[in-house]
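Trainee: I'd like to talk through this protein with you, step by step. Could you show me the model before I start asking?

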Amino acid sequence: MKKFMDDQDFLLSTKTGEQLYHDYAEGMPILDYHCHISPKEIWEDKTFKSITEVWLGGDHYKWRLMRANGVDERYVTGDASDYEKFQKWAETLERCIGNPVYEWSHLELKRFFGYEGTLSPETADEVWELASRKLATPEFSCRNLIRRSNVRLICTTDDPADSLEWHKKIAADDSFDVQVVPAMRPDKALGIEKEGFGAYVQKLSEVSGIEIASFADFKRALSKRFDFFNEMGCKASDHALDYVVDVPAPESEIENIFAARVAGKQVSDEDILKYKTAFMKFAAAEYVRLDWAMQIHFGCKRDNNTTMFKKLGPDTGYDCIRNGQSAADLADFLNDVNETSGLPKTILYSLDPNDTTMIDTVIQCFQQAPVAGKLQNGSAWWFNDCERGMRDQMTTLANEGVLGNFVGMLTDSRSFLSYPRHEYFRRVLCGLIGEWVEDGKYPDNPKALSRIVRDISYNNAVRYFGFNLSEE
C-alpha cells in the first residue's frame, strides 16, 4: 500500500514518471496566465486573520461540497464564526474521498503550513491552531505566498473600464519582483442582454473620453482601452460565452441592435447572437493587431438556483455544465475570423468534457506558422481539473495534435493558496508520459522528455504569450 500523498510517488505510477517529475517539472517556475486574485490585495500585501479567510473565503468549490454534506448556509457564506466554518469544512472534507479538492486541500496544508496529517473533525483544532500561528507571521502575506510558490508572473482578470491603478502601483514597486499584469475580460461589453448594459456603455464613454452614440463609437472606445491595457503589459484576453456562435449580420443591423439595447429596449435572442458574433470578430481583430492571445471559456450554465442567486449573487457555487456546443458554429466562427482579420492566438476551454475531441479536431484546421500550437485546447477547466479530466484532456490532445506545444496549467482561482494545483497538474502530466514511455509508446530519451516536460510546465507559456520572462 502506498503512503497517502507521498511526495515521491503521489500520482506517479512508474519510475519514469517519478524521474520526470522530480528531475524536470518539480522546480519549474509558475506562469499563472489566468486567475481571479485581486491586484489590490497584492499591492496592499494583505494578511489573513484565519485559515477560513484565506482558504474558504470565496472558494465555491468548497462551498458546493459543504452544501452537499448538509451544512447549513450559515456555516458556508453566513454569519457563523471563522472557527465554526472551519469545523464544518473539516467535517465535510473527510467524506470527500475521490474528490480532487481533498487532494488539493492536503497539498496546500503540506506546502504552505507544513502539516503532514489529514484534516478531519478530530484534527481540526490542531490544524486551526497551527494555521493561526503561521498566518500571524510575515511569511503568510499575499506577496510572500506568491514568492514561496515560485511564481514569476500573474495575469489578473480586468474589465476594459478598469483604471488598473493597482497594477500601476505594483509595477512601480521594486520590492516585489513578480510581474502582475492585466488580462482583458470584456464580458460587460459583450453581454448586451444583461441588465445595466446601457449604464456600462456610458461608463466606458466616460473612461475612454469618447462619446458613444453608435456601435462604431463603442468599438473605438474599446480599442482605446485595449491600447491602454497593452501599455500596462497585457498579453491576453478572456471571454465567457454560453456557446461559441457564428451568426453574421450586416454592420447596419448591428448598429440598430446596439442602439435599441442602449435605449433600454429588449432585443430578440437572434439579435443577441448577431451582436455577440460581431463583437467577438471585432475583438479578435484587435487581438491580432496587438498580438494578444484570445481565451474563450464556454459550456457553463451559470446561477441556476434563483433563490440563492438573489441572496448571494454570482460565483457562489450554483453553476453547472452546459452541453451542446456546435462543432459547425465553432469552426465557422474561427473561419470567419480567419477570413476577416486572421486569427489571433486562441485558447478554447469547454466545461463539457464531451467537447474535447471536437475542439482538438477543429483547431487543427487553423494551425499556422510561425506560432507553434497557435490554437490551443486549454487545460481541463473547473469541474474537469481533476486527475481524470487532466489525463483525458492531455491524452486527446496527444492523439489529435502536438502535446509538446501545450501551454499547460493555470489556477483560474481567487485564492492565494491555489498554486499547488500546478504541482498536481505536473504530477499528472509526468505520470501520464511516464506510463507511455514504460509501455513502449515513446522512447526513453531523457533529452526529448525533459524538453517536453519543462516546456509544458512553463516555457511554452512564456513563448506563446510573449511575456518578458526567461525560459528555464
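Mentor: Let's start with a sheet: an open one of 4 strands with parallel pairing, in the order β4-β5-β8-β9. Keep in mind that this is a predicted model, where local features need pLDDT of at least 70, side-chain atom pairs count only at pLDDT 80 or more, and totals for chains, interfaces and linings use all residues. Residues are numbered from 1 along each chain as its sequence is written, and side-chain values use heavy atoms, with hydrogens and water left out.

Trainee: Which residue in β9 stands opposite T346?

Mentor: Look at strand β8 (residues 345-350), which runs parallel to β9 and is joined to it by 3 bridges. Opposite T346 you'll find L375.

Trainee: Which strands does helix α20 touch?

Mentor: Touching is about contact, meaning heavy atoms within 4.5 Å. Helix α20 (residues 446-465) packs on the sheet, and its direction makes about 125 degrees with that of β8. The strands it touches are β4, β5, β8 and β9.

Trainee: How do α12 and α13 lie to each other?

Mentor: Axes are lines fitted to C-alpha atoms, for helices over the stretch in contact, and angles run from 0 to 180 degrees between N-to-C directions. Helix α12 (residues 215-231) and helix α13 (residues 251-262) pack at about 85 degrees, with axes 9 Å apart. Angles under 35 degrees count as roughly parallel, over 145 as roughly antiparallel, 65 to 115 as roughly perpendicular and the rest as oblique. α12 and α13 are therefore roughly perpendicular.

Trainee: Which residue in β2 is the bridge partner of L31?

Mentor: Strand β2 (residues 151-155) runs parallel to β1, and 3 bridges join them. For L31, the partner is L153.

Technical notes
Helices (H or I, at least four residues) and strands (E, at least two) are DSSP runs, numbered from the N terminus. Two strands pair if DSSP finds at least two bridges between them.
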